[in-house]
Structures are given as C-alpha cells and as structure tokens.
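Open the structure in your viewer and keep the sequence beside it. We will go from one selection to the next, and at each stop you will see what is there.

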Amino acid sequence: MDPTLLFLLDSIPQKSPRSKLETHRELIRQLRRKGCTYRDIVRILHERVGLEVAVSTIHSFIKVRAKHRTQVQYELPPLEPQSTRSRVSPDDVTSRIAALKEKPVQQKAKHKHFHFEESEPLRLVGQGGSR
C-alpha cells in the first residue's frame, strides 16, 4: 500500500464501540450460557459493574450478535438395535397397505345450514328439519 495512505490510516484514531455493552460482551455471553435470563444479566451489570441498562437493550445486543450464528440442529436419537425392533416382513406391510387401499371410503353427509328455493325466502335448517 502507498506510504501516504498508511500514514493517513495510522493518524485516524480508533472509534470507541457504539454499544456500552461491547466491553462486557464476554461476560454477557458466559452469563447466557449459564442460563441467566436477561433480567438476571441487567441485575448483575447494575450490582457488579455499575451499568444501568434495560432488559430490551440486553435482548437487542444479544440478538444482533447472534444473527450470523448457525442454528443448533436437532439430533435424532440413535437407532435401536435390530434385535429390539419388532420384525415385520415386507410382504406383511405390502398386504396391509393393499387392504387399506381397497377399503371403501365412507363420505359423511354434509349438514345443511340453509334451505334455498327461488320462490321462498332463505331459511335456516335445524338439526331436526326446518325452523
């Protein structure tokens, strides 16, 4: 890089962090890992560090810094050994599926809420007939 640009970069002072919580970032991270709530963190920062912050400030601080963190993946339990699983033959499963497919589907009769005839006004239909 050009020496003039290097001199210019060296002469510009380092900006202070935008958040007053930035200097306590690791403390907040460790407190969250130990299961502390946002309210607990606010209380600890007030009592031990003398820093007054709102619960929403802690929430926003953590949320912004957690954006790029990968989500924790849920893991499936390990497979059971073959001996403990019930053994079902593929032919049995196939025959059960075929039997379900052949079973007739019973459609429920829809309950009518209204009865309409062109020459009459619209009527509500009760469970036992018309009202």
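Which residues of H3 are buried? Select helix H3, residues 38-49. Its buried residues are Ile-41, Val-42, Ile-44 and Leu-45. Keep in mind that this is a predicted model.

**Stop 1: look down H3**

Turn the view until you look along the axis of H3. The buried residues fall within an arc of 165°, so they line one face of the helix. Now colour Arg-39 and Glu-47. These two are exposed, and they sit on the face of H3 turned away from its buried side.

Next, check the length of H3. The helix has 12 residues, and at 1.5 Å a residue it should span 16 Å. Its end C-alpha atoms are 15 Å apart, which agrees.

**Stop 2: the partners of H3**

What do the buried residues of H3 pack against? They pack against H2 and H4. Show helix H2 (25-33) and helix H4 (55-65) as well.

Start with H3 and H4. Two packed helices are described by the angle between their axes and the distance between the axes. For H3 and H4 the angle is about 110°, and the axes are 9 Å apart. Angles of 65 to 115 degrees count as roughly perpendicular. H3 and H4 are therefore roughly perpendicular to each other.

Show the side chains where the two helices meet. From H3, select Tyr-38, Arg-39, Ile-41, Val-42 and Leu-45. From H4, select Val-55, Ile-58, His-59 and Ile-62, which they meet.

**Stop 3: H2 against H4**

H2 and H4 pack at an angle of about 95°, with their axes 12 Å apart. That makes H2 roughly perpendicular to H4. On the H2 side, select Arg-25, Ile-28 and Arg-32. They meet Ile-58, Phe-61, Ile-62 and Arg-65 in H4.

**Stop 4: the nonpolar core**

Which residues of the largest nonpolar core touch the most other members? Select Leu-21, Ile-28, Ile-41, Leu-45, Val-53 and Ile-58. The core has 13 residues in total. H2, H3 and H4 each supply at least two of its residues. H3 gives the most, with 4 residues.

Zoom in on Ile-41. Leave aside its neighbours within four places in sequence. Ile-41 is then in contact with Ile-28, Leu-31, Arg-32, Cys-36 and Ile-58.

**Stop 5: two single residues**

Select His-24. You will find this residue in the loop between helix H1 (3-11) and H2. Is His-24 buried or exposed? The cut-off for buried is under 20% relative accessible area. His-24 has 19% relative accessibility, so it counts as buried. Not counting residues up to four places away in sequence, His-24 touches Leu-45, Val-49 and Leu-51.

Now select Ser-56, in helix H4. Ser-56 is partly exposed, with a relative accessible area of 48%.

**Stop 6: H5**

Move along to helix H5, residues 90-102.

**Last stop: the whole chain**

Zoom out and show everything. The protein chain has 5 helices and 3 strands. From the N terminus on, the elements run α-α-α-α-α-β-β-β. Of the 131 residues, 11% count as buried. Finally, take the contacts between residues at least 6 apart in sequence. Among these, 33% join residues at least 24 apart.

Technical notes
Residues are numbered from 1 along each chain as its sequence is written. This is a predicted model: local features need pLDDT of at least 70, side-chain atom pairs count only at pLDDT 80 or more; totals for chains, interfaces and linings use all residues. Side-chain values use heavy atoms; hydrogens and water are left out. A nonpolar core is a set of buried Ala, Val, Leu, Ile, Met, Phe, Trp, Tyr and Cys residues joined through side-chain atoms within 4.5 Å. Buried means under 20% relative accessible area, exposed over 50%, partly exposed in between (1.4 Å probe, protein chains only). Contact means heavy atoms within 4.5 Å. The expected span of a helix is 1.5 Å times one less than its number of residues. The arc is that of the directions from the helix axis to the C-beta atoms. Axes are lines fitted to C-alpha atoms, for helices over the stretch in contact, and angles run from 0 to 180 degrees between N-to-C directions. Angles under 35 degrees count as roughly parallel, over 145 as roughly antiparallel, 65 to 115 as roughly perpendicular and the rest as oblique.
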